[in-house]
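Work through the exercises below with the model at hand. Each task is followed by a solution in steps.

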Amino acid sequence: MKKKPFIHPYIPNSAPAIREAMLRRIGVRDVEALFVEIPERLRFRGTMKLPAPIVSEYELRRHVEQILGKNRTCREYLNFRGAGCWQHYVPAVVDEVVNRSEFLTAYCGASYSDLGKYQTRFEFYSQMGELLNMDVVTEPIYDWGTAAGYAIRMAARMTGRNEVLLPRVIDPERLSVIKNLCQPPTMASHIAVRHMDCDRQTGCLDLEDLKAKISSKTAAVYVENPSYLGLIEDQGDEIGNIAHEKGALFIVGVDPISLGVLKPPADYGADIACGDVQPLGTHMQCGGSLSGFMAFRDEEIYVAECPLMMYSIVETENEGEFAFAEVLAERTSYGLRDKGKDWVGTASGLWTIGAAVYLALMGPQGMREVGEVIIQKCHYAMHLLSELKGVKIVFSGSPFKEFVVNFDESGRSVSDINKALLEHGIFGGKDITQEFPAYGQSAMYCVTEIHTKEDIQRLVSALKEVLP
Amino acid sequence: MKRKKLGLIVTPIAGIGGRVGLKGSDGPEILKRALELGAVPESPRRAVEALRRLEPARESIEVVTYPDEMGESEARECGFAPTVIGRVRARETTAEDTESAAREMMRFGVALIVFAGGDGTARNIYNAVGDRWPALGIPAGVKIHSAVYATSPANAGELALKYLRQAGSIPLRDAEVMDIDERAFRENRVSAELYGYLKVPYERNRVQSAKAGSATGDAVAMDEIACDVINKMEDDTLYVIGPGTTTQAIMEKLEFQGTLLGVDVIQGKRSIGSDVNESQLLKFAEDRRARIIVTIIGGQGYIFGRGNQQISARVIKKVGKENIMVVATENKLLTLFGKDLLVDTGDPEIDDMLSGYVRVTTGLHRSIVCKVTR
Amino acid sequence: MKDLKLRRYHAPVWSEPVIMTMGQKGERGIRVPGVDEEIANRVGQARSLIPDGMRRKEQPRLPELSQPHVLRHYLRLSQQTLGMETGIDISEGTCTMKYSPKVNEQIARSPQVLEVHPLQDEETIQGILEIVYRFDQLLQEISGMDGFSFQPGGGSHATYTNACVFRKYHDLRGELEQRREIITTVFSHPCNAATAATAGFDVITLMPDENGYPDLEALKAVVSERTAGLMMTNPEDTGIYNPRIDEFVRTVHDAGGLCFYDQANANGILGIARAREAGFDACHFNLHKTFSSPHGCEGPACGAYGVRGELTALLPVPVVTFDGEKYHLDDHRSRSIGKIRSFLGNLQCVVKAYAWTMSMGAEGLVQVAETSVLNNNYLEKMLLEIKGVTKPYAEGKTRLDQVRYSLEKLKNETGIGTVEVQRRMVDFGIQSYWMSHHPWIVPEPFTPEPCETYSKEDCEYWAAVIRQACEEAYANPDTIVNAPHHQTVARMRSIEDVDDPEKWAMTWRAFQRKSKHHKSDGSRQR
């Protein structure tokens with residue numbers, strides 16, 4: 001049965017003559033013979049109803065680009081949305097490096113053949129270590145939520161306890177990821193999630209509520225800094241003390257782009273730090289550049305309990321020359337374990353590369369400057385918005401790059417306002433009304449270094465028009 | 001640079017019978033018969049194979065050994081200039097020589113004792129050093145039941161080299177030394193006792209874990225297994241804990257003094273019997289529900305019949321197949337390379353009953369399904 | 001293969017130091033936008049906006065380099081990375097290292113993908129939603145499933161999603177407390193077991209029978225009313241297709257469990273055998289393997305997860321729906337497992353996978369499967385002619401897209417095994433091969449995968465490299481024992497240090513702290 005040959009540029013051996021030669025060498029008549037181990041009843045004998053192939057590259061490109069052309073971008077629109085994926089500037093050199101074929105296509109090559117990849121990663125860990133003031137940084141995993149969930153599971157294993165305290169004000173998406181990792185209540189190794197309230201005024205953690213809820217069953221206290229709603233948590237020391245007094249671990253989720261100006265969590269007692277690499281030199285890509293890192297002190301128990309990959313620098317036989325190898329630390333055992341180990345897999349390696357380049361370009365001064373610029377612009381926007389009729393700033397605490405505004409007095413819903421802003425070419429702040437009904441018709445605005453004064457003023461003008 | 005000391009003991013008689021169709025080689029008559037049949041002592045050749053793997057590090061290793069074919073000639077053949085200690089009394093070396101050699105090497109302060117031989121040799125080494133000194137076997141006997149041997153002479157050499165070079169970081173595992181009744185063996189009856197445990201360097205491959213996380217070491221695995229077992233224990237059930245290090249870990253987790261080589265009984269997390277025999281077990285199982293927890297003993301994969309004969313066919317029959325739990329670390333299972341687990345209770349009916357598939361608990365909430373045959 | 005010449009390859013050697021030791025104080029790699037005077041006047045100094053106790057006091061000790069120097073450094077490091085495109089990466093078996101078409105890269109780099117925020121109003125992301133929806137449809141047809149999610153960020157993430165779905169399914173029926181066990185096989189990808197365990201299940205692993213097939217009798221012995229489901233890979237990493245896979249599925253279904261098909265090794269069966277016909281309830285595809293999205297130094301990736309029937313209600317939210325005119329994000333699915341990752345997933349992978357699939361069509365996909373199986377069998381023929389190489393299990397049975405070989409014979413006869421061969425092959429410009437997942441049941445393993453984007457000559461070169469290494473093991477062991485010779489760096493001196501808490505160093509600062517006898521530039525203190 002001779003099929004018409006399907007020659008494709010991506011398939012070198014599609015030419016019939018070559019296939020014939022190979023079949024002869026193998027000693028079979030046709031390719032069908034190579035599938036002999038699949039019983040007939042399991043064979044798919046139909047034809048998959050797929051669209052006819054677009055074999056020419058030109059037409060393929062037009063086809064896909066035409067569909068993608070229906071997207072609007074944050075270049076055409078002014079974007080004030082953040083909430084887990086933020087718009088920051090991506091230096092040209094970062095793009096140049098992450099698009100290098102070698103980095104783009106490398107996978108599990110070993111230490112020698114892919115040395116550059118390992119060294120770049122090590123430089124990422126090293127630079128992050130400086131930002132976080134911690135000596136061990138892991139290879140990141142899918143996103144912040146997963147990293148936080150893993151940190152929580154680590155804490156549960158390390159302490160032998162089954163409860164964790166999280167802020168009530170937390171990204172619902174991140175919370176869902178964490179809860180899945182903590183398992184439903186019916187499962188034996190379930191970790192119970194309890195929520196700590198936030199101070200209604202400041203937006204920061206309510207320490208009294210923390211004290212009320214922490215117990216000898218608490219494995220960890222997890223807070224985020226800045227918080228989900230953008231506020232800089234200034235009670236880090238106390239939270240850490242309260243946690244440690246009860247023998248719980250103190251886990252802090254941070255925004256790495258803030259660490260040029262904000263104190264690293266290690267300096268206020270955090271045992272484990274986690275967060276997303278995304279702000280460090282990645283394009284938003286509709287949420288496709290998330291990357292959750294974890295870091296902690298260089299102590300055996302942490303290294304042993306951490307499921308993520310870690311690499312150590314190793315000397316070679318040439319003096320002063322280094323290579324990098326995976327740390328396969330044995331797990332140690334602590335107490336009665338009822339939680340098994342976690343998994344690790346292909347996750348977000350390319351962003352590790354990009355972030356290493358980003359941090360190298362920025363240097364200490366750049367990281368300080370970007371943090372300062374962001375916070376100033378954010379506060380500027382907050383001031384201007386607070387002056388609008390019908391707009392209230394919800395929290396008195398100090399934001400870093402995101403702040404919450406309330407529109408109750410304006411009589412318009414956030415949904416309406418955002419629809420109207422869209423017509424002005426603006427993506428208004430994230431509507432958090434459904435997430436946190438207690439704050440009424442509220443939206444979270446994100447302002448970063450990419451917003452100019454004119455951008456912010458444009459937002460203000462648009463809101464003036466939109467609000468009655 | 002300070003050289004590392006490696007103790008080497010070769011028992012040239014080991015393995016001599018296998019080639020010519022005799023089993024084992026203990027005893028002068030068998031030896032004589034074997035030599036008559038043209039047997040060539042296997043151990044020296046295997047020892048040389050192992051030593052070859054150490055040749056690259058010749059400069060940094062001091063081989064400490066006994067005279068002539070008990071190690072000296074093999075070492076010289078590989079280009080070493082060994083430190084020869086001890087004396088052999090006769091041309092034909094005996095078990096006493098092996099034991100003396102091991103004791104003297106311990107005193108000499110070698111980092112590791114490698115020995116080429118079979119089950120008999122393992123017992124001799126154990127008699128001399130117990131679990132106080134690291135040792136590693138170069139396989140050279142016939143069928144070996146003890147688990148103290150590397151998988152091949154080459155691997156023994158490699159592992160010894162690694163251990164000498166990286167002394168802190170190669171862990172030691174407890175490996176069974178089995179006492180095989182050689183005479184019974186030649187009459188096609190196998191009678192094996194668990195003799196003791198030697199501390200043996202751990203043969204571990206660096207596994208690629210880029211996509212799946214790291215493998216678990218034995219100490220942790222045993223701890224996880226113990227946790228898993230204890231979590232499931234019921235107060236009204238009697239637990240018969242068989243010999244072995246993995247089962248011993250359960251006793252330790254419950255903070256009991258367990259008998260490594262014997263059978264213990266607990267209930268309601270209390271210890272009610274220590275190093276018990278068959279009749280005691282039968283009495284215990286008389287009036288209440290009982291469960292048996294056993295592990296793999298020895299290098300051949302036996303779960304019943306080698307080293308735990310106290311848990312006899314009668315006991316198993318009384319307790320019932322559904323109440324038998326098998327525990328073992330994944331690493332132990334992998335040393336069997338996919339071969340079946342074995343049972344030999346002496347009662348074919350019970351052996352048949354036990355045959356089939358068994359879930360072996362290998363960790364917390366983890367088990368591997370293995371085939372059991374006679 | 002007779003007159004094949006092996007290349008005189010040498011990896012670039014730049015002796016490029018770790019960046020932490022480079023640069024000069026005060027240098028800048030990039031300048032950040034400043035603040036307008038009006039802003040500064042309005043809000044004041046940045047430090048005044050940060051609560052006292054939270055101000056960073058000491059600057060992080062990041063390197064300070066000018067821009068061209070940063071670029072130069074990372075370009076050199078990229079040159080010191082073999083990656084996949086310059087070599088013949090048949091080596092990384094189970095990874096399906098196929099050509100990632102550059103046109104797709106360029107498409108995915110357009111602002112319509114890069115500069116899109118996931119929380120944009122639906123009407124502004126109709127393009128990407130359409131691609132997601134269309135690709136979902138394509139995968140449904142390819143697999144026979146009824147709905148896909150692209151939220152998982154990799155293959156293991158997809159199996160984890162599956163474990164969560166199984167968990168939810170049984171929980172909704174009130175049977176989760178009873179159904180605690182997930183069954184898998186030892187040759188399946190270890191993430192099947194690991195993710196099931198993370199999700200809270202007891203994991204039962206089946207050992208293969210003596211022919212290397214998953215043991216159906218063993219399955220029957222452990223399936224019960226406590227079974228939540230089966231998670232297995234087929235063909236397994238050995239390349240062996242389990243001809244009784246549907247019996248496995250039936251056995252578990254009869255006991256009330258669900259069945260998941262890990263299709264990491266789908267490359268050899270596209271259009272040839274589908275998850276549906278085998279009876280599976282759920283499956284996944286690695287878009288960064290089978291569907292050509294690049295591997296990216298281990299991510300970003302996408303484990304497209306698909307399910308049948310009522311399980312579609314359990315998929316992670318949001319799901320992309322189409323009302324005939326517009327695409328929507330459906331967040332209100334009460335039976336969904338919620339989220340296993342923020343936002344929608346690595347959609348750029350979906351864009352690339354979609355483009356690739358559209359370029360192939362049904363005929364192309366079958367061609368992909370046929371060619372990868374053809375390549376694999378061709379390579380096998382050559383490899384098995386090499387002394388020292390054997391193919392354990394399933395004697396006489398044809399393998400599909402990959403084979404797990406063993407160098408045990410080589411090891412027994414020469415003392416040199418898979419670790420040494422792996423180290424030597426990179427000297428010929430070939431990426432180090434994949435050995436095996438844990439556990440190493442096959443001794444001294446290696447697992448190549450010559451997928452369809454490799455030519456006949458590529459296969460021959462690869463086999464020639466293995467032949468060279470094996471011949472050296474027999475005849476000239478010094479070369480291979482001391483390999484690699486042509487790499488960027490020399491052999492690691494004391495790799496065991498990475499397991500020693502006193503010696504390991506995951507950051508430069510840790511390294512400096514622990515090796516006080518090193519100067520800050522990495523050279524040794526006299």
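This is a predicted model: local features need pLDDT of at least 70, side-chain atom pairs count only at pLDDT 80 or more; totals for chains, interfaces and linings use all residues.

**Exercise 1. A helix pair across two chains**

Task: Describe how helix α5 (residues 115-132) of chain A packs on helix α3 (residues 67-79) of chain C.

Solution. Step 1: two packed helices are described by the angle between their axes and the distance between the axes. Step 2: for α5(A) and α3(C) the angle is about 135 degrees, and the axes are 7 Å apart. Step 3: roughly perpendicular ends at 115 degrees and roughly antiparallel begins over 145, so the two helices are oblique to each other. Step 4: on the α5(A) side the contact is made by A:G116, A:Q119, A:T120, A:E123 and A:Q127, and on the α3(C) side by C:H73, C:Y74 and C:L77. Step 5: sorted by type, these residues give two nonpolar, five polar and one charged.

**Exercise 2. The interface of chain A and chain C**

Solution. Step 2: the buried area comes to about 18600 Å², with 61% given by carbon and sulfur atoms. Step 3: 21 salt bridges are found across this interface.

**Exercise 3. Cis peptide bonds in chain C**

Solution. Step 1: C:P318 is in the loop between β7 (303-307) and β8 (319-322) of chain C. The bond from C:V317 to C:P318 is cis, with omega near 0 degrees. Step 2: C:P484 is in the loop between α15 (477-481) and α16 (508-514) of chain C. The bond joining C:A483 and C:P484 is cis, with omega about 5 degrees.

**Exercise 4. Confidence**

Task: Where is confidence lowest and highest in chain C, and over which residues of chain B does pLDDT stay under 50?

Solution. Step 1: chain C has a mean pLDDT of 93. Its lowest element is helix α12 (residues 408-414), at a mean of 88, and its highest is strand β1 (residues 147-149), at 98. Step 2: chain B has a mean pLDDT of 83, and pLDDT stays under 50 over its residues 206-215. Step 3: the model as a whole scores ipTM 0.95 and pTM 0.91.

Technical notes. Residues are numbered from 1 along each chain as its sequence is written. Chains are lettered from A and ligands numbered from 1 in the order in which they are written. Side-chain values use heavy atoms; hydrogens and water are left out. pLDDT is the predictor's confidence in each residue, from 0 to 100. Contact means heavy atoms within 4.5 Å. Axes are lines fitted to C-alpha atoms, for helices over the stretch in contact, and angles run from 0 to 180 degrees between N-to-C directions. Helices (H or I, at least four residues) and strands (E, at least two) are DSSP runs, numbered from the N terminus. Angles under 35 degrees count as roughly parallel, over 145 as roughly antiparallel, 65 to 115 as roughly perpendicular and the rest as oblique. Ala, Val, Leu, Ile, Met, Phe, Trp, Tyr, Cys and Pro count as nonpolar, Asp, Glu, Lys and Arg as charged, and the others, Gly among them, as polar. Buried area is the accessible area (1.4 Å probe) that two parts lose on being put together, summed over both. A salt bridge is a side-chain nitrogen of Lys or Arg within 4 Å of a carboxyl oxygen of Asp or Glu.
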